[in-house]
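Morning, everyone. Please look at the model on the screen while I go through it.

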Amino acid sequence: MKKALITGITGQDGAYLSKLLLEKGYEVHGLVRRSSTSEVNDVRLRHLGVADDVRLVDGDLLDLSGLIRTFRDVRPDEVYNLAAQSFVKSSWQQPILTGQVTAIGVANVLEAVRLEAPGARFYQASSSEMYGLIREPLQSETTPFYPRSPYAVAKLYGHWLTVNYRESYGLHASSGILFNHESPLRGVEFVTRKVTDAVARIKLGLSKELRLGNIDSKRDWGHSRDYVEAMWLMLQQDKPDDYVVATGRTVTVRDMCAIAFKHVGLSMDEHLVIDPQLFRPAEVDVLLGDASKARRILGWQAKTTLEDMIVEMVEADLRRLAR
Ligand code: NDP
Ligand code: GDR
């Protein structure tokens, strides 16, 4: 039985990846941060019905000695480094913490792999945010990076360190440059889930408005359930490498929002308020990924359309709020 260790197992992707790996017969271990409530933060794992099947270990990306101990105990075959301070807007409020977790955290995990599990295969959760100020209309593995937030700068460090450990130490280390991916398990601070949650509240009479910032920015949105499959496929290749994972379609925040309002039969214009406080100090205007390398080598392609995903998310929020 193969063993996988997932950092960030309590997040959106950690939950979907756990489910996928359990279905494939893996023993799944995950790193969790202790909280003063002494309740295990496993709501997403519970939502997918896998909380009792994964083995959770206390740990933090900032604590190298704890990571080393965990790697020694678990002896993983595959390591998925999904943990991060992942909210772009917060990275301006907390640039140092973001750098510590999202950049230096990767160095800690790579060191633990190098010292305790050099034969393990490693996946780094890199991001399309690294492209930032776009200079090529379609972004692939060869497009130059120009990060536009402390988060993106930190992710760039993690990406290059992964490449460097592959080249320096011969680690089987791959970096997935994933474009935005969402689901009913997405944190409510991210724009798709903020929209589907608000639309469901308005529909149920619990709220009247939805406040957003820049609705002209464009994103290439896919489903987390599809994207974790690409992560797994990368680690099944003989050769480690870097891959863009995207749908190849880009849509404005405004048009994504319109899908949600239309689904419940409400007028977007009557409820949407633009709030200048929600604009970012620097914006990534448009992202559009070219995933042809993933299609060619991994045999991967996105399965879920934006429309189907937004409808799934609105329906999940309606059910949750009705309860
Ligand atoms: P989430 O924000 O949902 O999950 C982040 C996870 O990281 C949580 O489990 C969180 O734990 C954990 N974490 C945060 N800080 C620490 C720390 N110091 N030590 C240990 N664990 C920590 O992110 P997603 O699931 O959406 O994304 C997964 C990864 O993929 C992230 O690295 C993200 O930056 C990256 N990514 C995401 C994309 C997307 O569109 N979703 C696109 C491209 C990249 P806790 O529950 O305790 O907060
Ligand atoms: P992003 O996702 O920054 O692309 O990072 P987010 O959903 O936060 O923003 C997408 C776009 O929507 C605009 N926007 C708003 N965003 C939020 N959150 N809230 C609002 O009210 C709002 N109004 C407009 C934003 O300005 C932006 O243009 C996500 C994260 O998951 C990262 O971790 C990941 O690396 C990238 O996707 C790829």
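Which domains does the domain assignment of the chain give? Domain 1 covers 3-181 + 222-245, and domain 2 covers 187-219 + 250-286 + 304-322; such bounds come from an automatic or database domain assignment.

Some housekeeping. This is a predicted model, where local features need pLDDT of at least 70, side-chain atom pairs count only at pLDDT 80 or more, and totals for chains, interfaces and linings use all residues. Residues are numbered from 1 along each chain as its sequence is written, while chains are lettered from A and ligands numbered from 1 in the order in which they are written.

The centres of the two domains, taken over C-alpha atoms, are 27 Å apart. Where they touch, 13 residues of domain 1 contact 11 residues of domain 2; contact means C-beta atoms, placed from the backbone, within 7 Å.

Next, two helices (DSSP runs of H or I, at least four residues). The axes of α7 (residues 191-203) and α9 (residues 253-263) come within 9 Å and cross at roughly 30°. Axes are lines fitted to C-alpha atoms over the stretch in contact, with angles from 0 to 180 degrees between N-to-C directions. That makes α7 roughly parallel to α9, a label for angles under 35 degrees. Residues making the contact include Val195 and Val199 of α7 and Met256 and Phe261 of α9.

Last, ligand 1. How many residues surround ligand 1? There are 25, and the closest are Gly8, Gly11, Ala83, Ala84 and Ala125; the cut-off is a C-beta atom, placed from the backbone, within 6 Å. Helix α1 gives the largest share of that shell, three residues.

Key: Angles under 35 degrees count as roughly parallel, over 145 as roughly antiparallel, 65 to 115 as roughly perpendicular and the rest as oblique. Two residues are in contact if their C-beta atoms, placed from the backbone, lie within 7 Å.
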